[in-house]
Amino acid sequence: SEPTSDAPPRLPQTVNFAGCWFGPGPTFQHETNIKKGKGVELLGVGSVPGWWIIRDPYFHRPCWIQAVDLKIFPGTDTSTLPVMTPGVPGMGQ
């Protein structure tokens, strides 16, 4: 049998120095850069494939980050996260 753990899953973390925007990509206002290895809170799945919405660990606001810049650890339940749609390009949330 496989060992089990009651420990909560680890927070997703950035695998690259990554930008975080108010929508999917540079057509939206840039919120911040997040350093490699920083743990982040997932808030939602982007309606644009390949994007997640996280809580900016520095300013504590939602922002969009590319999926390739995140490591989501096994055991993290993302099925309950809402699908989120970006606002207007160039505008902050």
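**Disulfide and aromatic pair**

Guide: With 95° about the S-S bond, the link of C20 and C63 is right-handed. Keep in mind that this is a predicted model.

Visitor: How far apart are the sulfur atoms of C20 and C63?

Guide: They sit 2.0 Å apart, and the two residues form a disulfide.

Visitor: Which strands hold C20 and C63?

Guide: C20 is in strand β2. C63 is in strand β6, residues 62–66. The pair links distant parts of the chain, 43 residues apart.

Visitor: How many disulfides does a search of the whole structure find?

Guide: One.

Visitor: Is C20 buried or exposed?

Guide: Buried. Its relative accessible area is 0%.

Visitor: And C63, buried or exposed?

Guide: C63 is buried, with a relative accessible area of 0%.

Visitor: New topic. How many aromatic pairs does the count come to?

Guide: One aromatic pair. The rings belong to W21 and W51.

Visitor: Why is the pair of W21 and W51 edge-to-face?

Guide: The planes of the two rings meet at 75°. Planes over 60 degrees apart count as edge-to-face, so the pair gets that label. The ring centres are 5.9 Å apart. That is within the 6.5 Å cut-off for pairing.

Visitor: Where do W21 and W51 lie?

Guide: W21 lies in strand β2, residues 18–21. W51 lies in strand β5, residues 51–55. The pair therefore ties together parts that are 30 residues apart in sequence.

Visitor: Are W21 and W51 buried or exposed?

Guide: Both are buried.

Note on methods. Residues are numbered from 1 along each chain as its sequence is written. This is a predicted model: local features need pLDDT of at least 70, side-chain atom pairs count only at pLDDT 80 or more; totals for chains, interfaces and linings use all residues. Side-chain values use heavy atoms; hydrogens and water are left out. Rings of Phe, Tyr and Trp (its six-membered ring) pair if their centres lie within 6.5 Å; planes under 30 degrees apart count as stacked, over 60 as edge-to-face and the rest as tilted. Helices (H or I, at least four residues) and strands (E, at least two) are DSSP runs, numbered from the N terminus. Buried means under 20% relative accessible area, exposed over 50%, partly exposed in between (1.4 Å probe, protein chains only). A disulfide is a pair of cysteine sulfur atoms within 2.5 Å.
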